[in-house]
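Please look through the sequence and the model below before reading the points that follow.

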Amino acid sequence: MMDGRGKSDRPVVPGKPSNNAGSAAAEGVEGRGLAKGNGVQQTTRRTQSRIERVPSALDRVREVARQDKRMKFTGLLHHVTPELLHAAFSSLRRGAAPGVDGETWEHYAVEVEERLRDLHERVQRGAYRAKPSRRVLIPKPDGRKRALGIAALEDKIVQRAVAEVLNAIYEKDFLGFSYGFRPGRSPHHALDALATGILRKKVNWVLDADIRGFFDTIDHGWLLRFVAHRIADQRILRLIQKWLSAGVVDEGRRLETEWGTPQGATISPLLANVYLHHVFDLWADEWRRRHARGDVVLVRFADDIVVGFQHRSDAERFREALGERFAKFHLELHPEKTRLVEFGRFAAEHRQERSLGKPETFDFLGFTHICGKSRAGGFLLQRKTMRTRMRAKLRSVKAELMRRRHLPIPKQGAWLASVVRGHLAYYAVPTNVFALVAFRREAVRHWRQALRRRSQRGFVRWDRMSRLEKRWLPPARIQHPWPEQRFDVRTQGRSPVR
């Protein structure tokens, strides 16, 4: 793993390609070595079914990546077939906002076969040119705004197809405690691993690490060098370079991008995982093995990192070393959002002995984690919906209900039911029932306010609202199992909590 020791300047990738058209708690896993060797050449076998054809073409790549952790793959672009491009196009969200070219999914679908054949030809002969992303600002729960980059439709297609090919390799490399934007893994898997680690390991301190502006500060030179550890196909590297250097369009002005990868781009999550795999995952796993005196639990979901420690001294040394490690790769821990809190099964007891009050809480993936007590008086890890998230969601629900207030009641009810159902699908975890009831209650109250604005009479009886909510809205019930149960079922004992 390259750590840049002794190099103060940004790394430069030899032969930097241009964008011109012509040119578990952590799952226990071993650290990964550097890459070497030959690539895998395989001709895609044509079958009758696109669904069968797309994954089967990459089976050999997956197998070689699994067997040889040092293999460099020199021939990959031929796996980006017309069939894979078609599967990528079909997987795109049909109502997504268009990029700078204004192309929509529906319009592209009119002559999709012909267009994809042309796109495939351009990609294979190097004539494909990436377009800049269209920058839009979306509100964050804390009131700030996050910049998203909306890629052009053909860029989304090619990026998704290339990501499918690269995933066949990197899914064999990524470590078990990395959960973000990976096939077969979800935020709840990360939450389950963290909860299981806190409950089963000797966790007394939790480091809630926040990377300042991660997606905007990724170093392109280091990223390409990390990708080159496994990928030696220069055509794939040129495609990635084109996407990184395509720039963004903000209010009609085109801006160059020397740093970062646009949030919202299809390829960005994979590239971000590759970057943090080398910068954080491999390093943190080695630090845990070589330097920790007690238990250490690692969980990462994209750029959200939580680390549990048995000893405070380990936590403080890790935090200091992590800041130095990040600085080598132009990353920075947010000084205000990165917190070390006393947390775990014995945190309340230890703090009471020192007259410090209740243990602090921390947030992860939309939930506030709290040291609570069970009915029997034992330790209970409570997870509740973050207040900022719930307030932001209710504000958007209120605004949308006002906009829809003149629609027929069944249409309003069906829409609000989908919102409540989606909220429950994510937040309906054990210990969070009161927050679920509160969200549903406030949604009904906003619905009533919207209905009162429909006419000058402005009065809607609560008994009528009671009938409407029973008719349309799902009940606020727990839908997820306890985290340890799902963690055990998913890992089936193969991955001990570490």
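Is A302 buried or exposed?

1. A302 is buried, with a relative accessible area of 10%, where buried means under 20% relative accessible area, exposed over 50% and partly exposed in between, with a 1.4 Å probe and protein chains only. This residue, which is not a glycine, has a positive phi of about 55 degrees, and A302 sits in the loop between strand 6 (296–301) and strand 7 (304–309); strands (E, at least two residues) and helices (H or I, at least four) are DSSP runs numbered from the N terminus.

2. The model is predicted, with local features needing pLDDT of at least 70 and side-chain atom pairs counting only at pLDDT 80 or more, while totals for chains, interfaces and linings use all residues. Residues are numbered from 1 along each chain as its sequence is written, and side-chain values use heavy atoms, leaving out hydrogens and water.

3. L365 likewise has a positive phi of about 55 degrees without being a glycine, and L365 is buried at a relative accessible area of 11%, in the loop between strand 9 (362–364) and strand 10 (367–373).

4. Helix 5 (residues 112–125) packs with helix 6 (residues 153–170) at an angle of about 65 degrees, their axes 12 Å apart; the axes are lines fitted to C-alpha atoms over the stretch in contact, and angles run from 0 to 180 degrees between N-to-C directions. Helix 5 is therefore roughly perpendicular to helix 6, a term covering 65 to 115 degrees, with under 35 roughly parallel, over 145 roughly antiparallel and the rest oblique. The contact (heavy atoms within 4.5 Å) involves residues including L116 and L119 of helix 5 and I157 of helix 6.
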